[in-house]
Amino acid sequence: MKIGIIGAGSIGFNLAKKLAPNHSIVISASKLSDELKRKVASINVTAVDIKDVVKNVDVVILSIPTKIIPELPKDLFNDVPDNVIIVDTSNYYPFRDGHILELDEGKIESVWVSEQLGRPVVKAFNNLLAHTLVQGGTPNGTPGRIAISIAGDNDEPKLVISNLIDELGFDTVDTGKLEESWRQQPGTPAYCTELNKVELKDALTIANKANAPQLRDQVMEYLIEKQFNLSHEEIVENNRLIYSKAPPPGLSKSS
């Protein structure tokens, strides 16, 4: 499979690194620098211009800050076939992205992204930390395997992305239609809490859309206060504590 990744940050780069052994990967960033070319060449990935990252690919993974999405070329997907799957990994953080009125008023983040692109999207890879992506994958069938939530309006693209998720070492839980992807946005129990499949289903079910933005900002204020000087384990535990009433791993009533 040929995959184009827009964004070479912690999620975009590490997705490229983990997918490269089995797929042909091209990646673009804000600048097509020699440094980027050398960096991605070391993981057998090719850096290309933004216009080329969407050409002749099966999947496009969008992994850039939310505020950058409207700045993408307006014609970027004009010649991209309808069957190319577009994956949105972004998360809205006003402290970083500035305030986007529609999102502040409650529009679902990935619905907004889809409108900006003029294309359907699948929401995936947004509810795990980069460290989890790199270190948390385990073989299929491993007890307690971490799960990733996925949302979208069509089953076939979700199946393709679910297979990639399994390849990366994670189970998949289907959140439902794109309108339901708020259940895996920042501030919800499903967000960066490293839950297994059963626990993640519970977390998506109990998500509260009304209080998610407040909890999102509460967690960010805490991280800023600590100057982001927390271990990965401390970040996950804090997310579980603040974001949710979801049971800690191993304590789900359904497990």
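How do the residues of the lining of the second largest pocket divide into nonpolar, polar and charged? They divide into 10 nonpolar, four polar and five charged. Here Ala, Val, Leu, Ile, Met, Phe, Trp, Tyr, Cys and Pro count as nonpolar, Asp, Glu, Lys and Arg as charged, and the others, Gly among them, as polar.

This is a predicted model, in which local features need pLDDT of at least 70, side-chain atom pairs count only at pLDDT 80 or more, and totals for chains, interfaces and linings use all residues. Residues are numbered from 1 along each chain as its sequence is written, and side-chain values use heavy atoms, with hydrogens and water left out.

## Pockets and a cavity

Rolling a probe the size of a water molecule over the atoms shows where empty space is left. The search runs on a 1 Å grid over the protein atoms alone. A cavity is a set of points where a 1.4 Å probe fits but cannot get out. A pocket is an open set with protein on both sides within 12 Å along at least five of seven lines. Lining residues have an atom within 4 Å of a point. Grid points are joined across faces, edges and corners, and a volume is the space filled by probe spheres set on the points.

| Space | Volume |
|---|---|
| Largest pocket | about 1,000 Å³ |
| Second largest pocket | about 350 Å³ |
| Largest cavity | about 40 Å³ |

Start with the largest pocket. Its lining holds 43 residues. Ser-10, Ile-11, Ile-64, Pro-65 and Arg-96 lie nearest its centre. By class, the lining has 25 nonpolar, 15 polar and three charged residues. Helices and strands are DSSP runs, numbered from the N terminus; a helix (H or I) has at least four residues and a strand (E) at least two. Five helices each supply at least two residues of this lining: H1 (10–19), H3 (94–97), H6 (130–135), H9 (212–225) and H10 (232–243). H10 gives the most, with four residues.

The second largest pocket takes up about 350 Å³. Of its 19 lining residues, Asp-82, Asn-83, Val-84, Ile-85 and Pro-157 are the closest to its centre. Strand E5 (85–88) and helix H7 (155–168) each supply at least two residues of the lining. H7 has the largest share, three residues.

The whole structure has one cavity of 30 Å³ or more. Its lining includes Asn-127, Leu-128, Thr-132 and Ala-190. By class, that lining has six nonpolar, three polar and one charged residues.

## H9 against H10

Two packed helices are described by the angle between their axes and the distance between the axes. The axes of H9 and H10 come within 10 Å and cross at roughly 145°. Axes are lines fitted to C-alpha atoms, for helices over the stretch in contact, and angles run from 0 to 180 degrees between N-to-C directions. Contact means heavy atoms within 4.5 Å. H9 brings Leu-215, Arg-216, Gln-218, Val-219, Tyr-222 and Leu-223 to the contact. H10 brings Ile-235, Asn-238, Asn-239, Ile-242 and Tyr-243. These residues divide into seven nonpolar, three polar and one charged.

Buried means under 20% relative accessible area, exposed over 50%, and partly exposed in between (1.4 Å probe, protein chains only). Seven of the 10 residues of H1 are buried, so H1 is largely enclosed by the rest of the structure. Among them are Ile-11, Phe-13, Leu-15 and Leu-19. The buried residues of H1 pack against E1, strand E2 (24–28), helix H2 (34–41), strand E4 (59–62), H6 and H7.

Ile-5 sits in strand E1 (residues 2–6). Why does Ile-5 count as buried? Ile-5 counts as buried because its relative accessibility is 0%. Beyond its neighbours within four places in sequence, its contacts include Gly-12, Leu-15 and Ala-16.

Helix H5 (residues 109–117) has seven buried residues out of nine, so H5 is largely enclosed by the rest of the structure. Trp-112 and Leu-117 are among the buried ones. The buried residues of H5 pack against E4, E5, helix H4 (101–104) and strand E6 (122–123). Just after H5, Gly-118 takes a positive phi of about 70°.

Ser-181 lies in the loop between strand E8 (171–176) and helix H8 (197–206). Ser-181 is buried, at a relative accessible area of 0%. Ser-181 and Ser-110 are 71 residues apart along the chain, with their C-alpha atoms separated by 7.1 Å.
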